[in-house]
Amino acid sequence: MKRYSKNIFSITGIALLTCLFWWGCAGRKNMRYPGPSLMPNTERNMKVAAFWISLLPDPDKVILDSQGIGKFNKTIKNELKLLNDIENYPSVISSAKFKGEITKTLKRFKRRKYYAKSNEKIDKKLLKDIEDNISLKNIQENVNVSFGLVSRYAHQRLLPTREEFYSKKDDFDFDVLQNNSLDVGTPVAILHKSADSQWIYVDGPSSSGWTEIENIALSSREQMKQYVNGQPFAVISKTKASIFLKNTLTEYYDYVRMGTRLPMGKKTSIKVVPVIIPFRNEDGKVVFGEGYIKENEINEGYFSYTPRNVIQQSFEMLDMPYGWGGMNGEQDCSGFIQQIFMTIGIYMPKNSLEQSWVGKLLEKFNKKTSYAEKIEILDKKAVGGATILYLNGHVMLFLGVIDNIPYVIHGIYGYHEEGSSSEAVRVINRVVVSDLSLGEGSKKGSLLKRLSVVRLVAE
């Protein structure tokens, strides 16, 4: 790999300068302090995509063409079975699997102690009310599946409630009921309705759970299939793109996040793109109409899969807030990876562990693998903008190696900074560029020490 000419840091220097511990997708602790605006061991130039693109020997090399991407997606869906095939979802299913998941989730929340936003303990009555609303007794052995399209941004929950559950007091960035979030136009298979008819249990393309029915427009399978395959189509290229109901961009409807695919209408302006939106009518059924998005917030069709395009899209999200399971309309570490690759037409699983099963395995490390061996593998085998790095509970996009130091871009909540008597958390709460020394000297060790899987996102 091309080297950056300036000698920035040495591995020994990093260890001496910082004693940190990564606090990524799932970590929380009470002793929290603001993190730095510039991550340790990085420079200002590292915060632009062009810096990393210039390190690549061939940034415009096509990793997979459209045919290869289609095959790759089929492998994820049909062979690895990491995505739900909503278009070909069975019309009738046995309730055993999803009923078992619901029961398991209920038991988990009954067994452990959780807190509300008031910091009061979640009481048993609330859980009993939620259980009654789920109405397990009304789930038939064989379920007739219906279909729908997301008409407004929808949170997908582990239980049918707007109440927020936290593992610890004041832990407001981590609502443990938040499973995922679904953008406008997302297809879903509907399996069950709550007793109060306000919630439905749905399978989405990459996750399952409860969402409020008011955000779903009921459709036939054929309507859903025609919509998700609509041509021509726009792909959202910015972190968020606003949808307006008038071509003057004056009546706001909702926003959609990076990677969302929407069928396009007939273009009449060079500044505004009409897109087809599934609206929910008074009967709850789908009706299609036009919305309007700024032209500079979309790409007509998918981007080609090159390292340049992936890196550019990842840097569109630099400094955007972290959001556990899509909380507050944001993204966590795996959501960040998912949205980036959606812009090139690759549909990754939602879970970080499952993402580590996708693509060509370049290396799998164990506890005995040395730092030097890991860095050598990354330098020789990993491709910036096309390789993901995984450690337990966290996933990152590889950027490159500079002077024997590997760098990544990732969505991260924070990291531990070792103190005299305890380890404090430096809250980052956003997408950042960092090296892999975060955590060096702490109890669990650095990102590099804990790195276990290196995958090229390709066949």
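The questions below take up some labels and set each against its definition.

Visitor: What should I know before reading the values?
Guide: The model is predicted, so local features need pLDDT of at least 70 and side-chain atom pairs count only at pLDDT 80 or more, while totals for chains, interfaces and linings use all residues. Residues are numbered from 1 along each chain as its sequence is written, and side-chain values use heavy atoms, with hydrogens and water left out.

Visitor: Why is Tyr415 called buried?
Guide: Buried means under 20% relative accessible area, exposed means over 50%, and partly exposed is in between, with a 1.4 Å probe and protein chains only. Tyr415 has a relative accessible area of 2%, so it is buried. Tyr415 is in strand 22, residues 405-418; strands (E, at least two residues) and helices (H or I, at least four) are DSSP runs numbered from the N terminus.

Visitor: Why does Ser197 count as partly exposed?
Guide: Its relative accessibility is 34%, so Ser197 counts as partly exposed. Ser197 lies in the loop between strand 8 and strand 9. Its phi is positive, about 60 degrees, although Ser197 is not a glycine.

Visitor: Is Ser135 buried or exposed?
Guide: Ser135 has a relative accessible area of 6%, and therefore it is buried. Its phi is near 55 degrees, a positive value in a residue other than glycine. Ser135 sits in the loop between helix 5 (124-134) and strand 4 (142-144).

Visitor: What makes helix 8 mostly covered?
Guide: In helix 8 (residues 333-342), 10 of its 10 residues are buried. Among them are Cys333, Phe336, Ile340 and Met342. Gln339 is also in helix 8, and at 6% relative accessibility it counts as buried.

Visitor: Which residues does Gln339 touch, not counting residues up to four places away in sequence?
Guide: Contact means heavy atoms within 4.5 Å. Gln339 touches Arg257, Met258, Gly259, Met317 and Gln331, with residues up to four places away in sequence not counted.

Visitor: Why is strand 8 described as largely enclosed?
Guide: Six of the seven residues of strand 8 (residues 187-193) are buried, so the rest of the structure largely encloses it. Strand 10 (residues 208-212) is also largely enclosed, because four of its five residues are buried.

Visitor: How do you know that strand 8 pairs with strand 9?
Guide: Two strands pair if DSSP finds at least two bridges between them. Four bridges join strand 8 to strand 9 (residues 199-203), and these strands run antiparallel.

Visitor: What makes strand 15 and strand 18 edge strands?
Guide: Three strands form an open sheet in the order 15-12-18, with antiparallel pairing. Strand 15 (261-263) and strand 18 (298-300) each pair on one side only, and they are the edge strands. Strand 12 (residues 233-236) is joined to strand 18 by three bridges, and Ile236 stands opposite Ile298 in strand 18.

Visitor: What is the omega of the cis peptide bond between Gln231 and Pro232?
Guide: For the bond joining Gln231 and Pro232, omega is about -15 degrees. Pro232 is in the loop between helix 6 (221-228) and strand 12.
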